[in-house]
Amino acid sequence: NTLLRVELARVQLAAGNPAGALNETQTVIFLDPINREAFLTRNEALLALAAAETNRDARIQGYGTAVLGAQEYLLYYPGDPLGWYQLGVARAGEGNIDLALDAYAQAVSGNETSPIAGEVFLARGRLLASVGRYAEARAVLDKANAVTETNEGRTLHLEASLAVDD
């Protein structure tokens with residue numbers, strides 16, 4: 001039952017076992033090669049495994065694997081903003097800032113007011129602020145806060161504004 005296996009993978013992720021989630025999603029993808037939920041959950045597991053890695057080189061390699069997973073998903077679902085968001089997170093994790101920003105831009109190209117757009121704008125603003133591009137970060141965080149206002153979005157916006165003396 002692929003639905004049950006995807007749910008089991010989500011439970012594994014919630015329980016802090018991304019390796020178990022990855023195994024379950026790989027089985028589902030083998031059984032149903034275009035199962036959208038299995039791909040998305042697999043990508044979440046790959047991102048969680050990469051983030052948990054303590055060795056720098058292994059972490060970058062893990063994010064590279066997550067990039068490949070997101071790209072594979074986007075072959076089947078090219079217009080899905082969540083796939084582009086996951087690709088952006090993976091690219092940022094491996095240190096490819098410009099490619100991450102491009103993926104985030106692609107994620108919101110069709111709709112800048114959807115719930116996922118708020119997360120994308122927040123991630124993009126966080127990334128821009130982390131590399132010292134505060135004016136750009138502030139503009140993106142304005143959009144993030146317009147879609148979904150969060151404490152993190154307001155705080156990052158304030159920090160970016162202070163950094164550009166505004």
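1. A helix axis here is a line fitted to the C-alpha atoms over the stretch in contact, and the angle between two axes runs from 0 to 180 degrees between N-to-C directions. With that in hand, welcome to this structure, which is a predicted model.

2. On the H3 side the contact is made by Leu40, Asn43, Glu44 and Leu47, and on the H5 side by Leu82, Gln86, Val89 and Ala90. Sorted by class, the residues of the contact of H3 with H5 are five nonpolar, two polar and one charged.

3. Now compare helices H8 and H9. Helix H8 spans residues 134-147 and helix H9 spans residues 151-163; they pack at an angle of about 150°, with axes 9 Å apart. Angles over 145 degrees count as roughly antiparallel, so that is how H8 and H9 run relative to each other. H8 passes H9 in a left-handed crossing.

4. Which residues make the contact between H8 and H9? From H8 come Tyr134, Ala137, Arg138, Leu141, Asp142 and Asn145, while H9 brings Gly153, Arg154, Leu156, His157, Ala160, Ser161 and Ala163. The residues of this contact of H8 with H9 divide into six nonpolar, four polar and three charged.

5. Next, the aromatic rings. A pair of aromatic rings is described by the distance of the centres and the angle of the planes. The model has four aromatic pairs. In one of them, the rings of Phe39 and Tyr73 have centres 6.0 Å apart and planes at 55°, so the pair is tilted. This pair links distant parts of the chain, with Phe39 in helix H3 (residues 36-52) and Tyr73 in helix H4 (residues 56-76), 34 residues apart. Phe39 is buried, at a relative accessible area of 0%, and Tyr73 also counts as buried, at 0% relative accessibility.

6. Another tilted pair is formed by Tyr85 and Tyr104, at 6.1 Å centre to centre and with 35° between the planes. Tyr85 lies in helix H5 (residues 81-93) and Tyr104 in helix H6, so this pair ties together parts that are 19 residues apart in sequence. Are these two tyrosines buried or exposed? Tyr85 counts as buried at 18% relative accessibility, since the cut-off for buried is under 20%. Tyr104 counts as buried at 3%.

7. Ring pairs also build a cluster, which joins Phe39, Tyr73, Tyr76 and Tyr77. If you have the 3D view open, Phe39 in helix H3 is a handy place to begin looking for it.

8. Thr25 sits in helix H2 (residues 18-31) and is buried, with a relative accessible area of 0%. Leaving out residues up to four places away in sequence, Thr25 touches Ala9, Ala38, Thr41 and Arg42.

9. Finally, where is Val108 placed? Val108 is in the loop between helix H6 (97-107) and helix H7 (115-130). Val108 counts as buried, at 5% relative accessibility. Not counting residues up to four places away in sequence, Val108 touches Ala117, Val120 and Phe121. The C-alpha atom of Val108 is separated by 30 Å from that of Thr2, and the two residues are 106 residues apart along the chain.

Note on methods: Residues numbered from 1 in each chain as written. Predicted model: local features only at pLDDT ≥ 70, side-chain atom pairs only at ≥ 80, totals over all residues. Heavy atoms only, no water. Helix = DSSP H or I, 4+ residues; strand = E, 2+ residues; numbered from the N terminus. Parallel < 35°, antiparallel > 145°, perpendicular 65-115°, else oblique. Left-handed = near helix turned anticlockwise from the far one by under 90°. Contact = heavy atoms within 4.5 Å. Nonpolar A, V, L, I, M, F, W, Y, C, P; charged D, E, K, R; others polar. Buried < 20%, exposed > 50% of the residue type's maximum accessible area, 1.4 Å probe, protein only. Phe/Tyr/Trp six-rings, centres within 6.5 Å; stacked < 30°, edge-to-face > 60°.
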